[in-house]
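Trainee: I have a model open and want to learn to read it. Where do we begin?

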Amino acid sequence: MKMLNKLPQNIKINNKRYFINTDFRIMINFEKTLQGINTIDEQEISIKMYKVLKSFCPVFFETFHKNMKKDMKLLLKEFLWFYSCGEREDYHSGSGKGKAMNDIYSYEYDDEYIWSAFFQYFNIDLTEEKLHWWKYKAIFQSLPEECKFERIKSYRAYNGKERDKKELKKYWKLPLDKELQKQLDKTKEYLMKVSEEVK
């Protein structure tokens with residue numbers, strides 16, 4: 001019943017509460033940051049994640065932390081919890097249909113279709129709204145099947161043998177190769193491993 005209660009506006013680390021930036025753009029930037037990581041280099045990941053975490057919880061970096069390294073891992077853990085909309089044991093970004101998110105949509109290439117779907121069906125202008133990430137995800141996952149964005153996703157997810165649908169899948173294919181997808185998945189696994197080191 002998480003969506004029927006007041007949505008989180010802060011996180012707790014070592015018995016201290018920190019206000020967070022709940023805007024959906026932070027999480028979209030996180031996904032785009034992952035796509036921009038070229039190798040599983042711990043230093044590169046750390047630098048990029050530092051910037052993401054600072055945007056997510058700026059007040060955390062304005063206060064003194066005796067055990068900064070440990071607290072950073074706790075912050076990462078809370079960030080991943082927030083990103084997964086409160087599902088601590090289910091951190092993923094798949095579509096829920098056995099297809100990886102990066103195979104069927106991209107904020108980089110599909111932004112106009114996403115914007116038009118929110119505006120057409122929910123009268124939400126994503127260029128102006130400061131929407132809580134959990135609200136955004138709930139709406140995003142409930143877009144009508146008839147909207148163009150959902151049709152494009154269905155073309156990309158198609159695995160049948162119909163010629164017309166196979167042509168549509170080819171036409172709408174995202175420019176993300178399998179090697180980059182593997183890299184992205186490994187990076188996510190690494191972040192999860194780091195965050196789980198602190199219980």
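Mentor: Begin with contact, which means heavy atoms within 4.5 Å. E150 is in contact with F140, L143, P144 and E145, once its neighbours within four places in sequence are left aside. One caution: this is a predicted model, where local features need pLDDT of at least 70, side-chain atom pairs count only at pLDDT 80 or more, and totals for chains, interfaces and linings use all residues. Residues are numbered from 1 along each chain as its sequence is written, and side-chain values use heavy atoms, with hydrogens and water left out.

Trainee: Is E150 buried or exposed?

Mentor: Buried means under 20% relative accessible area, exposed over 50%, and partly exposed in between (1.4 Å probe, protein chains only). E150 has 15% relative accessibility, so E150 counts as buried. Across the protein chain, 45% of the 199 residues count as buried.

Trainee: Which element holds E150?

Mentor: Helices (H or I, at least four residues) and strands (E, at least two) are DSSP runs, numbered from the N terminus. E150 lies in helix α7. The protein chain has nine helices and two strands in total.

Trainee: How do α7 and α8 pack?

Mentor: Axes are lines fitted to C-alpha atoms, for helices over the stretch in contact; angles run from 0 to 180 degrees between N-to-C directions. Helix α7 (residues 148-157) meets helix α8 (residues 163-172) at about 105 degrees, and their axes are 8 Å apart. Therefore α7 is roughly perpendicular to α8 (under 35 degrees is roughly parallel, over 145 roughly antiparallel, 65 to 115 roughly perpendicular, the rest oblique). K148, I152, Y155 and R156 in α7 touch L168, K169 and W172 in α8.

Trainee: What does α3 look like as a helix?

Mentor: Compare span with expectation, which is 1.5 Å times one less than the number of residues. Helix α3 (residues 68-83) has 16 residues and spans 22 Å from first C-alpha to last, close to the expected 22 Å. As for cover, 13 of the 16 residues of α3 are buried. After α3 comes C85, with a positive phi near 60 degrees.

Trainee: Where else is phi positive in a residue other than glycine?

Mentor: Most residues other than glycine have a negative phi. N123 has a phi near 55 degrees. N123 sits in the loop between α5 (107-122) and α6 (133-140), and is exposed, at 58% relative accessible area. N14 has a positive phi of about 50 degrees. N14 lies in the loop between β1 (10-13) and β2 (16-19). At 47% relative accessibility, N14 is partly exposed.
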